[in-house]
Each structure stands twice: as structure tokens, then as C-alpha cells.
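Me: I have a structure here that is new to me, and I'd like to go through it with you. Let me put it up first.

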Amino acid sequence: MSLQKILGQVPLIPVLAIRNPDHAVPLARALAEGGLTILEVTLRTPVALEALRLIREAMPDITLGVGTVLQPEDMDRAANAGASFAVSPGFTKRIADAGRYSGIPLLPGVATVSEMMLVRELGYRALKFFPAGPMGGPAALKAIAPVMPDLAFCPTGGVTTANLAEYLALPNVFCAGGSWVAPDALVQAQDWKAISDLARKAIAASGR
Ligand code: 3PG
């Protein structure tokens, strides 16, 4: 199955920055319990790879990705820890090449039309639109659709329950990403029930 098809099974991919490895599995369980079963663990904290490994071991059925990939080496390390896809906030030639030849598929980030054209030339059709809000939000993706109808996007950055449905209604959006379903305060308080509720609310707001 293509990465677009896999990620398109959910309306929202929680973007996680896990600071304490002890939180990794309960957080993943809370989100899955709320219906969000595809997660992105970002490499923004020193324990990210450990968190990936712990979730992978405890929840073999969940679809687990690695995010904030800034260099090709990150992809191999994350794949070894159990990630089955990778997300980069932007792309370089090296990362785009790694995404085509390494073991796990890559969702490369783009922000401008020229970047979309460049990464399209490199063979990609499913892209992360980041930072979606500051770069024009749903209106930007709507304007791009007729120009490059073969591209599809996962917008992240400024997506909320208030605009999720508007993004998902666009023909060139297959899912969205966002961190608001796992706010740091709730994670530190280990309020897993509140996080499951946020996941449920996101799904309800998605219109899917
Ligand atoms: C990402 O990397 O996708 C973003 O940091 C998520 O953006 P958000 O915090 O605005 O949801």
C-alpha cells in the first residue's frame, strides 16, 4: 500500500515530542484508545528513539512513524527502532534520495510551489505541507490543486479542531498532522483519559 493510502486511513496523525520514555506507551495507548492509530514520534527530544522502540514493542499493530527527520542517517536509526515511515519538515536532495532508497517511505515537507515542483521531479507525490497555517492554510492548497493535481498533502503546523474539516474536505488532502491532541501539560500530568478525549474530539471534528 502506498504511504498516502496508509496515512489516509486516519484523519489526523498526532505529532509527538516525548520527553520521558515512561510516557511513551501510555500516551500511544491513550491516542489509539481515542481512535488515532497512526502516530509520529518526532526526533525533537533525546529519548525519541527509545520512545519509538518502546511503543513498537508494546503495540506491534500501531502504525508508527518518525518525524522531524533532518538528515538521512535519522531514517535508518528510526527504522531500526521500529518506525515504518518517516516525515521531514522540509527536504534536501540527500533526504529525498534516502526516502527513495532506504527501508522506509518518506513524507517530505514542502512549503512553496517551487519546492513542490522540485520534490515532484524527484518522484514524490505525497507531501507534508508545513507550516500549513502560516503558508496560507486550506486556501493555499486549494489554489495549488488545479496546478499540480497529481500531488496530495498532509498539512501540519497550525491545524486545529476548528480547521481540520476544512483541510480534509480538499481533494488534495489525505490526512493532517497536529500536536494539539497530546499537549505537554496533559502528558506531564499523565492525564491519559483527557488525551483519549482530545483524540475523539479531533475525529468528531474531522468530518470523516
Ligand atoms: C509538525 O512538525 O508537524 C508541527 O510541529 C505540528 O504543528 P502543530 O504543533 O501546530 O500541530
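Me: How far is an oxygen atom of the ligand from an N or O atom in the side chain of K128?

Reply: This is a predicted model, and in it the distance between an oxygen atom of the ligand and an N or O atom in the side chain of K128 is 2.7 Å.

Me: And what about R44 and G158, how far are they from a ligand oxygen?

Reply: For R44, a polar side-chain atom lies 2.4 Å from an oxygen atom of the ligand, while for G158 a polar backbone atom is 2.8 Å from a ligand oxygen. The protein covers 79% of the 320 Å² of accessible area that the ligand has on its own.

Me: You listed F130, so what kind of peptide bond joins F130 and P131?

Reply: That bond is cis, with an omega of about -10 degrees, and P131 itself sits in the loop between β7 (126-129) and α7 (137-144). As background, most peptide bonds are trans.

Me: Then where does α4 meet α5, and at what angle do the axes cross?

Reply: The axes of α4 (residues 72-81) and α5 (residues 93-101) come within 8 Å and cross at roughly 35 degrees. On the α4 side the contact is made by P72, E73 and M75, and on the α5 side by R94, I95, A98 and G99. By class, this contact has 4 nonpolar, 1 polar and 2 charged residues.

Me: Last one, stepping back: how many helices and strands does the chain have?

Reply: The chain has 10 helices and 9 strands. Its radius of gyration is 16 Å, close to the 17 Å that the globule rule gives for 208 residues, so the chain is as compact as a globular protein of that length. Along its principal axes, the C-alpha trace spans about 45 × 35 × 30 Å.

Note on methods
Residues numbered from 1 in each chain as written. Predicted model: local features only at pLDDT ≥ 70, side-chain atom pairs only at ≥ 80, totals over all residues. Heavy atoms only, no water. Axes fitted to C-alpha atoms, helices over the stretch in contact; angles between N-to-C directions. Helix = DSSP H or I, 4+ residues; strand = E, 2+ residues; numbered from the N terminus. Contact = heavy atoms within 4.5 Å. Nonpolar A, V, L, I, M, F, W, Y, C, P; charged D, E, K, R; others polar. Polar contact = N/O pair within 3.5 Å; in protein donor to acceptor, adjacent residues only side chain to side chain. Areas by Shrake-Rupley, 256 points an atom, 1.4 Å probe, with all protein chains shown as cover. Rg over C-alpha atoms; globule rule 2.2 N^0.38 Å.
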